[in-house]
Amino acid sequence: MNIVCIGSGYVGSVTGAAFAVLGHHTTVLDIDHNKIDLMNAGKSPIYEPGLDHLIAKYMGRTLFATTDYQVIYQAEVVFIGVGTPSKADGTADLKFIRLAAESIGKHLNPNKFTVIINKSTVPVGTADLVASIIEEASGLQVNKHFAMASNPEFLREGYALEDVFFPDRIVIGTEHERSKKVMQALYFNLLNRVNYDEKSSDFKFAYNSHAALPTYYETDIKSAEMIKYASNAFLAVKVSYINEMARLCETLGANITEVANGMGMDSRIGSKFLQVSSGWSGSCFPKDTAELLATSQKYSCELTVVQAAVDSNQQMHDYVVDKIKRKLKTLTGKNIGILGLTFKPNTDDARKTQASVIIKELIDAGARIKAHDPHGMEMFQQLNAALDVQYVTSAIEVTNNVDAVVLLTHWDEYLLIDWSQVLPNMRSPYLLDTRNVLKQSHLQKLGFDYEGLGINSSKNKIEFEVKGA
Ligand code: UDX
C-alpha cells in the first residue's frame with residue numbers, strides 16, 4: 001500500500017520504518033527540513049535502538065522522506081503522528097494536528113478513497129475535528145471521499161521496534177466499512193508475521209520469539225481514542241501505587257523489591273510496572289494524565305484516582321530530595337552528582353523528566369549540581385536552560401569531589417561502573433540508587449553509604465498496641 005506518515009518524531013519515524021520493513025511503500029513527511037535531510041542521509045532523527053539501521057537499509061527502497069505535501073495525493077493511508085504537547089491548562093495543544101489536517105485537505109485526491117488515521121495521542125473527539133478541517137480545506141466529504149480512523153500507538157521509547165513489530169494489541173477505531181477493510185489490509189503482514197525474518201539484522205533489537213500474535217481490536221473511534229488515555233493513566237496509577245508502597249516499606253522496615261515480587265505473582269496484578277523509581281515522567285504520562293484531568297474537570301466528571309496518582313508522583317520526587325537533605329543535613333554548598341537525565345534508559349528523550357524537578361529542588365535548597373546522561377544531555381540542557389548545571393561527559397566525572405551521587409536513570413553503563421575507583425574521589429560516600437539496581441552489599445563492603453528506595457530497614461521499632469494488656 002502507499003502510506004504517508006506525517007511527523008518524524010518518536011511515533012512517526014518508527015511507524016514509517018516499520019511499515020517499510022513490512023513491504024509497504026512508505027513516505028515520512030515532516031515540515032522540519034533537518035529531520036528529513038537526516039532520514040534521507042540514512043540516519044534516524046531520534047535516538048532509538050535499531051532505528052538507524054532500518055532507515056539506512058530501507059531508505060530509497062520502500063522508505064522515503066520528504067517535506068512536500070504533494071505525496072498525499074498518491075496515498076491510500078495517511079498517519080498523523082505529530083506532537084500534541086500540553087497547554088498551560090493541561091489540555092492537549094492540537095495546533096500541529098490542525099496544521100497537518102489543513103495540509104492534508106489541500107492535497108487530498110478526490111478520486112481516491114484515503115483513510116486518515118490519528119496515531120498521535122489525541123483527545124476524544126479529535127477525529128471529528130480533523131475530518132471537518134479536511135472537509136473545509138478540500139471541499140470533499142468525510143465517509144465519501146475519505147474516512148477517519150483512530151489507531152493509537154502504544155510503543156515504549158527505548159523498546160519501540162519490539163513494541164511495533166510485536167505489539168500486544170492493535171486498536172482500530174473506525175466506523176466506516178471500507179476503511180475497516182483498508183486497515184485490515186494495512187496490518188495483514190504484521191498480523192501474519194509476513195516478512196518477519198528472525199535472523200535478519202532488521203530484527204536485531206526487536207525479535208521476540210515468545211510474543212503471542214497481537215489481538216486486532218476493532219471499535220468505534222471515540223473508544224479507540226479513549227483506550228490510549230485510559231491505558232496510560234492506569235500505568236501511571238500503578239507506578240504511583242508501588243512508589244507509595246516503597247515509602248511505607250522504608251518506614252516499616254519491609255523490602256519493596258520482595259513486596260513487588262510477591263504482588264506480581266498474582267496474575268490479576270501482573271509483575272510489570274511495579275519497579276520503584278523517583279517517580280514516573282517523560283513525554284507521555286505527564287501530558288496524558290494532565291489532559292485527562294483537564295477534560296474530566298471541564299465535563300464535571302472528576303477523576304480522583306488519576307489526580308491522586310499525579311499528586312503522589314510529585315510526593316515521590318520530593319521524597320527523593322528530602323532523603324538527600326536528611327542525609328547531608330544541609331544542601332547549602334554541597335556538590336551532588338546526578339546520573340541520568342532521561343525519564344528511563346535507551347532514549348534521548350529528556351522532555352518533562354523527574355530529573356528536571358529534582359535538580360531544581362536541589363539547586364533551590366543550595367546544592368551545586370553535576371550531571372551526566374549517555375544520550376539525553378543535549379536535549380535536557382536545551383529544555384532546562386535556566387538550571388545551573390555542570391554537564392560532564394562521563395559518569396566517572398560526575399562522581400569527582402561530590403558529597404552525594406544520585407542515580408536517577410538505570411542506563412546499562414551505570415550498572416558497569418567500577419565503584420571501587422569512584423569512592424576515593426568523593427567528598428563523602430553517599431550513594432542514592434532510586435531504581436534499586438546497584439549491588440547493595442558489594443557497595444556497602446566497599447565503604448559506600450548506600451541507600452535505595454523502599455529497601456532500607458527502619459531503625460524505628462514498630463509499636464503494637466496490645467488490647468486488654
Ligand atoms: C508510555 C506507555 O508505556 C506507552 O504504551 C505509550 O505509548 C507512551 O507512554 P513511555 O513513556 O515510552 O511509554 O515509557 P514507559 O516505559 O511506559 O515508562 C513511563 C514512566 O514510568 C517512566 O518514567 C518510567 O521510568 C516509569 N516506570 C515504568 C517506573 O517508574 N516503574 C515501572 O515499573 C515502569
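Predicted model: local features only at pLDDT ≥ 70, side-chain atom pairs only at ≥ 80, totals over all residues.
**Exercise 1. Find polar atoms of the protein that lie by oxygen atoms of the ligand, and say how much of the ligand is buried.**

*Solution.* Phe154 places a backbone N or O atom 2.7 Å from an oxygen atom of the ligand. For Phe343, a polar backbone atom is 3.1 Å from an oxygen atom of the ligand.

Step two: turn to side chains. In Lys344, an N or O atom of the side chain is 3.0 Å from a ligand oxygen. The cut-off for a polar contact is 3.5 Å, and the distances for Phe154, Phe343 and Lys344 can be checked against it.

Step three: look at the area. The ligand exposes 670 Å² when taken alone, and the protein buries 92% of that.

**Exercise 2. Describe how the two domains meet.**

*Solution.* The assignment gives domain 1 as 2-219 and domain 2 as 235-468. Their contact takes 17 residues from domain 1 and 16 residues from domain 2, while the domain centres, taken over C-alpha atoms, are 34 Å apart.

Step two: size the interface. About 1300 Å² is buried between domain 1 and domain 2, with 48% of it on carbon and sulfur atoms. On the domain 1 side, Tyr10, Tyr47 and Glu157 supply 45% of the area buried against domain 2, more than any other three residues.

Step three: count the polar links. The rule finds eight residue pairs in polar contact across the interface. On domain 1, the touching residues divide into eight nonpolar, six polar and three charged.

**Exercise 3. How many salt bridges does the rule find across the interface of domain 1 and domain 2?**

*Solution.* Search the interface of domain 1 and domain 2: the rule finds one salt bridge.

Methods: Residues numbered from 1 in each chain as written. Heavy atoms only, no water. Domains from an automatic or database assignment. Contact = heavy atoms within 4.5 Å. Buried area = accessible area lost by both parts, 1.4 Å probe. Salt bridge = Lys/Arg side-chain N within 4 Å of Asp/Glu carboxyl O. Polar contact = N/O pair within 3.5 Å; in protein donor to acceptor, adjacent residues only side chain to side chain. Nonpolar A, V, L, I, M, F, W, Y, C, P; charged D, E, K, R; others polar. Areas by Shrake-Rupley, 256 points an atom, 1.4 Å probe, with all protein chains shown as cover.
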